[in-house]
Amino acid sequence: MRWCFSEDLEVTVASDRDSALAALRRVEPEVVTLDLGLPPDPGGASEGFSLLEEILRLAPMTKVIVVTGREDKENAVKAIGMGASDFYQKPLDADILTFVVNRAFRLAELEKENQALCRQDNGTNIRGIVAASPQMLTICRTLEKVAPTDATTLITGETGTGKELLARALHELSHRADSPFAAINCAAIPENLLESELFGFEKGSFTGATQSKKGKIENANGGTLFLDEIGDMPMALQAKLLRFLQERVVDRVGSVKPIPVDVRVVCATHRDVRKLIDSGDFREDLYYRISEITLDIPAVREREGDALVIAQSLLKTLGKQMDRPNLAFSEDAINAITSYAWPGNVREMINKIKRATIMAEGKRVTSEDLELSCPEQSPSALINLRQVREQAEKKAILQALQTSGFNMAQASRLLGVTRPTLYNLTDKYKIDTSAATSEV
């Protein structure tokens with residue numbers, strides 16, 4: 001088995017349970033291949049199962065690949081249920097074994113990236129944002145630059161991409177973080193009530209106005225006003241909003257006394273504002289006023305590798321909430337997650353993973369639990385395993401470089417290799433390690 005792997009991998013061999021546990025503590029491997037038939041029970045699986053339990057207890061993030069005999073599928077399934085990452089059936093085939101092991105390394109890498117992002121070690125310092133793709137990391141870096149300013153910001157993107165999350169991040173990273181964050185959905189409030197909700201009203205200004213009331217803009221004084229779905233704002237109200245943005249004073253309904261307000265405005269919409277302008281449904285002068293800075297959030301399907309990273313994070317969070325903290329995705333679930341288009345984006349993903357967390361049997365979440373179909377691979381897709389491995393390696397290296405901001409030491413840690421090994425790999429795949437070539 002040692003001969004199956006390239007020189008880039010550091011391989012440690014253990015012959016029994018005690019030596020394996022000693023190596024586990026000493027080396028802390030990301031991936032373990034485990035033969036269930038260990039002494040003193042080489043003909044059975046009891047010793048192997050005991051060792052599997054101890055490995056997962058001591059190093060729960062380690063990916064364990066169980067090696068079984070051809071007629072030993074029952075034990076392989078049991079091992080997966082206990083928490084093993086994958087299984088491999090004898091006899092050994094060097095290329096296939098290498099492919100399975102590299103797949104485990106890739107999964108370990110994605111989980112590490114997810115943890116780093118959750119700990120805010122990805123350089124974004126944005127609470128709640130889970131991302132590893134170059135597209136989203138660029139958005140996060142832009143947001144960090146914009147947040148300390150008072151620039152009026154427009155956030156665009158499909159439904160479910162997390163526009164309000166970014167709006168709150170703009171507020172929390174600004175000097176207004178200790179002041180109110182007021183949000184209003186322009187599409188959810190009837191047109192005849194939206195004006196009074198935004199600008200407030202004076203006592204007696206209309207039937208039922210028994211006392212004066214501040215609007216959302218006044219309530220956000222000193223802080224941030226978030227106008228969600230601004231593309232659905234009525235034309236008549238757009239003119240009044242434009243005046244507020246220009247003069248920073250509020251005219252309550254029924255009042256003639258302007259009230260000065262200090263507030264930062266952030267807007268969001270899932271609609272194409274340019275098309276709304278062309279159709280006469282949105283004021284062009286208001287568009288230029290609200291879009292001093294524009295953040296266009298890509299859909300999940302457009303973010304390289306983010307679907308699985310987000311799904312792993314959600315499974316961990318929802319699993320803790322539902323008292324099922326040790327759940328993990330099966331191979332078919334991972335394939336389904338990465339191949340599905342996610343038309344509902346993160347919001348759809350939350351719903352599916354919440355259902356799967358409830359429905360999963362054992363510790364593995366399957367594609368069936370997610371109500372996703374597992375894509376069928378054509379027979380020719382895996383013919384050249386060396387090519388598949390090289391493509392996976394190159395993609396992993398590029399992603400690690402993007403995530404680390406082209407810091408070779410940090411990228412090598414993400415990949416679980418030494419810096420000299422990473423330099424050799426970048427030379428092998430002709431990858432430019434300068435930040436100037438960060439677009440892939």
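Start with the largest nonpolar core, which has 30 residues. A nonpolar core is a set of buried Ala, Val, Leu, Ile, Met, Phe, Trp, Tyr and Cys residues joined through side-chain atoms within 4.5 Å. Buried means under 20% relative accessible area, exposed over 50%, and partly exposed in between (1.4 Å probe, protein chains only). Select L198, I217, L227, I230, F244 and F282: these touch the most other members.

This is a predicted model: local features need pLDDT of at least 70, side-chain atom pairs count only at pLDDT 80 or more, and totals for chains, interfaces and linings use all residues. Residues are numbered from 1 along each chain as its sequence is written, and side-chain values use heavy atoms, with hydrogens and water left out.

Now zoom in on L198. Its contacts (heavy atoms within 4.5 Å) include I184, G215 and M233, not counting residues up to four places away in sequence.

Next, select V300, L308, F329 and I334. They belong to a second, separate core of 28 residues.

Move to P39 and P40. A cis peptide bond joins them, with omega about 10°. P40 sits in the loop between β1 (31–35) and α2 (46–58). Helices (H or I, at least four residues) and strands (E, at least two) are DSSP runs, numbered from the N terminus.

Then pick K90 and P91. Here too is a cis peptide bond, with omega about 0°.

E229 is not a glycine, yet has a positive phi of about 50°. E229 is buried, at 12% relative accessible area. K430, also not a glycine, has a positive phi of about 55°. K430 is exposed, at 76%.
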